[in-house]
Amino acid sequence: MIEVDVEALGVRALNERLHRLPPDTNERLWKITNPKGAHALAAGLDRPLTIEIEGHVGYYCGGMNKQAEITIRGHAGPGLAENIMSGVIRVTGNASQSAAASGRGGLVVIDGDASSRCGISMKGVDIVVGGCVGHMSAFMAQAGHLVVCGNAGAHLGDSIYEAVIYVGGDVESLGSDCIEKPMTDVHRSKLEQLLASAGLRARAERFRRFGSARQLYNFKVDHAAQY
Amino acid sequence: MCGIVGLFLKKTALEPFLGKHLSAMLDALSDRGPDSAGFAIYRNPAPRGSVKLTLFHPEPDFGWDHLAREMSEEIGSEVRGEARGSHFVLTAAMPVETARHWLSRHRPGVRIMGVGDCIELYKEKGNPRDVVRRFGLDKLAGSHALGHTRMATESAVTTQHSHPFSTGLDLCLVHNGSLSNHNRMRQWLSRHGIEFQTDNDTEVAAGYFTHLLGEGATLEQALKSGISDLDGFYTFAIGTKDGFAVVRDPIACKPAVLAETDDWVAMASEYRAIAHLPGADQSRIWEPSPATVYSWKKH
């Protein structure tokens with residue numbers, strides 16, 4: 001395992017080192033110490049690396065990630081795993097606002113709570129939160145899954161498209177055009193699969209499913225002729 | 001953008017290092033606000049019957065000692081002072097209004113930055129690192145302090161437009177965000193006798209809290225009213241004589257982190273500013289919830 005003190009090396013030098021690794025690199029295991037809230041740590045990776053970050057990180061950690069598996073032992077600032085494409089990003093603590101925003105693929109696991117706007121505009125990423133999520137989570141969520149083992153804040157799934165939300169606890173309120181939908185065996189099995197891939201033990205039976213009522217403007221066929 | 005920081009010490013043994021820690025916190029948030037910086041530090045309470053005023057004049061060699069001597073002779077009370085950069089902390093054995101009145105008559109170009117028993121308020125244009133050095137913040141002891149690094153959006157980059165804004169005796173406000181109803185609110189407050197020195201939105205919030213506190217509201221009540229009356233984006237940190245408070249608007253786009261140990265409570269726009277405090281690794285860290293007032297007070 002390669003150990004890097006990012007406070008000594010600097011974020012830019014660390015990220016450049018990770019970006020320059022060839023596709024067949026043997027330097028696959030990395031431990032990053034002393035993050036001290038630094039921004040954009042391990043952002044833009046495109047190699048099958050395993051990275052452990054020991055401590056709290058700032059904005060945009062693991063942004064645009066492809067292939068890499070990043071574990072943050074601490075809390076994460078805003079925009080964790082923003083626009084993630086593939087790979088896995090895990091936070092053992094809490095994540096601030098807009099976690100996994102616009103994510104197109106991969107898996108984001110937050111063991112603790114996620115703040116407001118978790119999964120905003122998600123486009124295919126799977127997000128599993130062990131605790132609660134804040135207000136406006138899954139706002140305009142287009143595809144993918146958001147699993148919340150705890151409670152969800154106000155306006156969950158506002159203006160949602162085709163993403164699917166599972167919540168184990170209470171929902172403060174649903175956003176515009178977001179409704180509860182029946183849990184079928186298909187959904188329960190998908191949820192179990194998501195929980196298992198996140199390594200979280202929660203009983204799928206207590207979860208409810210939410211998704212789009214498809215009643216907003218863009219779902220109306222009457223408007224199709226205008227384009 | 002802007003960055004805000006606050007540090008409240010629970011143990012007096014740490015008080016000699018307050019300025020040093022706050023300097024490092026402001027430095028860490030320099031890139032959130034490179035235009036100007038400021039801080040309010042609570043220290044050296046004025047003797048009973050005296051008041052402390054932090055004064056500012058843009059002239060580098062302004063005659064502060066002459067001002068103190070003249071004021072003392074004319075009013076017949078003891079007046080002491082200490083220059084710190086472009087600011088001067090005046091301790092005068094007289095009621096606040098006497099001091100204010102004398103200054104407006106005899107030194108109309110002098111601006112009063114903060115008034116109270118303990119508060120000292122310093123702010124200026126320039127990179128935060130340079131600003132705190134000019135005021136020698138790292139050597140200042142105190143019980144608690146707030147600071148701000150400014151990236152201007154709503155009004156000009158001048159010393160007067162910098163934060164903190166004083167909000168009455170021993171009160172001050174730092175703000176990350178922008179208010180959208182400040183013009184109408186300023187008109188309303190002006191009709192209720194609140195005076196404004198600039199067209200800055202944060203000064204309106206400061207004036208709003210001053211107004212409510214003057215009407216008898218507690219700080220907690222005033223901050224709660226602000227959640228419905230002040231429209232816009234904000235994370236506010238408010239300093240009082242014996243504590244500080246933090247509140248975010250209901251949408252809570254503007255970041256904020258709180259951290260607490262047995263020795264201190266810290267607030268910052270980002271964890272980066274807290275990371276270097278002693279024991280930060282082991283502190284309890286959380287994000288303040290939207291539309292919720294958090295406050296700490298000395299026991």
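Predicted model: local features only at pLDDT ≥ 70, side-chain atom pairs only at ≥ 80, totals over all residues.
Residues are numbered from 1 along each chain as its sequence is written, and chains are lettered from A and ligands numbered from 1 in the order in which they are written.

Let me start with the sheet. In chain B, seven strands make up an open, antiparallel sheet in the order β7-β2-β8-β1-β14-β13-β15, where strands are DSSP runs of E of at least two residues and helices are runs of H or I of at least four, numbered from the N terminus, and two strands pair if DSSP finds at least two bridges between them. Its edge strands are β7 (119-125) and β15 (284-286), each of which pairs on one side only. Strand β2 (residues 36-42) of chain B is joined to β7(B) by seven bridges, and B:Tyr42 has B:Ile119 as its bridge partner in β7(B).

Now to helix α5 (residues 182-191) of chain B, where B:His182, B:Met185 and B:Arg186 are buried, meaning that 20 or more other C-beta atoms, placed from the backbone, lie within 10 Å of their own, whereas exposed means 12 or fewer and partly exposed lies in between. Seen down the axis of α5(B), the buried residues fall within an arc of 105°, so they line one face of the helix, the arc being that of the directions from the helix axis to the C-beta atoms. On the other side of α5(B), B:Asn183, B:Arg184, B:Gln187 and B:Arg191 are exposed.

Finally, 12 residues of chain A are in contact with nine residues of chain B, contact requiring C-beta atoms, placed from the backbone, within 7 Å.

Definitions and conventions
Contact = placed C-beta atoms within 7 Å.
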